[in-house]
2 protein chains.
Amino acid sequence: MGVTKTEIFTEEQNQLATLLKALAHPARIAILQRMMVANTCICGDLVGELGLAQATISQHLKELKNAGLIQGTIEGVSVCYCIHPENWKKLEQHLNGFLKEFKGPVSCC
Amino acid sequence: MGVTKTEIFTEEQNQLATLLKALAHPARIAILQRMMVANTCICGDLVGELGLAQATISQHLKELKNAGLIQGTIEGVSVCYCIHPENWKKLEQHLNGFLKEFKGPVSCC
DNA sequence: TCTATATATTGCAATATTACGATTAATTAA
DNA sequence: TTAATTAATCGTAATATTGCAATATATAGA
C-alpha cells in the first residue's frame, strides 16, 4: 500500500537503495556536479542558477545532507556546502561493488 | 506542482537521474543481484523468493526493462529475464564519469 | 477443446515526492 | 536596536510510487 517493504530486504540492499534515491533527481545531480567541479564550498549561489525556488533547493540540500553525501557549515550569514569526502568514497565503493557483480554477457536472452 | 522540472536540466542530468531512479528500490536491487550472480536467465523464480506479490514483481521488472537495464524473452510459458549487457556497461560508464568528477577533499567545510 | 501454469495489466488505496509561497530564525551591518 | 540578508521550516497542492487483489492474456499439455 504505497510503502516500501524494507523488512524483507537485506540491510545492504536498503542502504544502497536509499543512497541511489538521494541521487535520483536531476536537481540533486546538478547540485552535486556544481560542488564537484567547483571543488570548493558552494553557498547560496545555487538559488537563481538552477531555476528552482529557494525553498526547493533548501529541501534538496537537506536530502543530500541526510543521505550523508554533502556537509554544510555556517559561514556568517550563509551556509557553506561541499561533498562529504569519506562518504563519497564509500558510495563509490558500494556502487562499484554492486555494478561489478555482473560478470559479462552469457548468451541466454 | 509535484512534478520534476526536467526542462531546466541538461539531457545528461535527466538521463542519469532516470537510470538511478530505476535502481533506487531494494526490490529492484535484489532482482538485479539475483540476475547477476545467477549469471543466467531468471524466470518466474523471483516470485516467492522475494516476498512480494506476483503483480508487484512484474511491475518492478517492467520498470527495469523500460530503463533498459534488463531484457526479457518469452520462453514457452514463462519469460526469461537477464541483465542487458550493453546498457549495463553504459550505466557503469555514465555513473563512473559522474562519481569521478569529485577531485578529492579540499579543506573548506 | 479444455485445463493448468506463468506472466501482464487494471484498478485502487496508502504513502512519498516535488515544488513553492509564506513565514521563521539567525547573523551581519548600520 | 533596527534593517537587510540568507537559509530553514511549515503548509499545501499536484503528482508519482508502491503494493496487491482481481482479472486478462498466452502458452503447453492432456
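The largest nonpolar core holds 64 residues. Among these, A:Leu32, A:Trp88, A:Phe98, B:Leu32, B:Trp88 and B:Phe98 touch the most other members. The model is a predicted one. The contacts of A:Leu32 show how such a residue is placed.

Aromatic rings come next. Over all chains, the structure holds four aromatic pairs. One of them is formed by A:Phe102 and B:Trp88. The two ring centres lie 6.3 Å apart and the planes meet at 70°, so this pair is edge-to-face; the cut-off for that class is over 60 degrees. A:Phe102 lies in the segment after helix 5 (85-99) of chain A, whereas B:Trp88 lies in helix 5 (residues 85-99) of chain B, so the pair joins two chains. Both A:Phe102 and B:Trp88 are buried. Ring pairs also link A:Trp88, B:Phe98 and B:Phe102 into a cluster.

A:His25 sits in a loop of chain A, between helix 1 (11-23) and helix 2 (26-38). The relative accessible area of A:His25 is 14%. Buried means under 20%, so A:His25 counts as buried. Residues up to four places away in sequence are again left out of its contacts. A:His25 then touches A:His60 in chain A, and B:Thr4 and B:Ala17 in chain B.

Helix 4 of chain B spans residues 54-66, 13 residues in total. From first C-alpha to last, this helix reaches 18 Å. That is close to the 18 Å expected at 1.5 Å a residue. The buried residues of helix 4 of chain B are B:Ile57, B:His60, B:Leu61 and B:Leu64. They cover an arc of only 100° around the axis, so they lie on the same side of the helix. The face turned away from this buried side carries the exposed residues B:Ala55, B:Gln59, B:Lys62 and B:Asn66.

The buried residues of helix 4 of chain B have several packing partners within chain B. These include helix 1 (11-23), helix 2 (26-38) and helix 3 (46-49). Strand 1 (70-75) and strand 2 (78-83) of chain B also pack against these buried residues. Helix 4 of chain B is followed by B:Gly68. The phi of B:Gly68 is positive, near 85°.

Key: Residues numbered from 1 in each chain as written. Chains lettered and ligands numbered in written order. Predicted model: local features only at pLDDT ≥ 70, side-chain atom pairs only at ≥ 80, totals over all residues. Heavy atoms only, no water. Phe/Tyr/Trp six-rings, centres within 6.5 Å; stacked < 30°, edge-to-face > 60°. Helix = DSSP H or I, 4+ residues; strand = E, 2+ residues; numbered from the N terminus. Buried < 20%, exposed > 50% of the residue type's maximum accessible area, 1.4 Å probe, protein only. Contact = heavy atoms within 4.5 Å. Core = buried A, V, L, I, M, F, W, Y, C linked by side-chain atoms within 4.5 Å. Expected span 1.5 Å × (residues − 1). Arc of directions from axis to C-beta.
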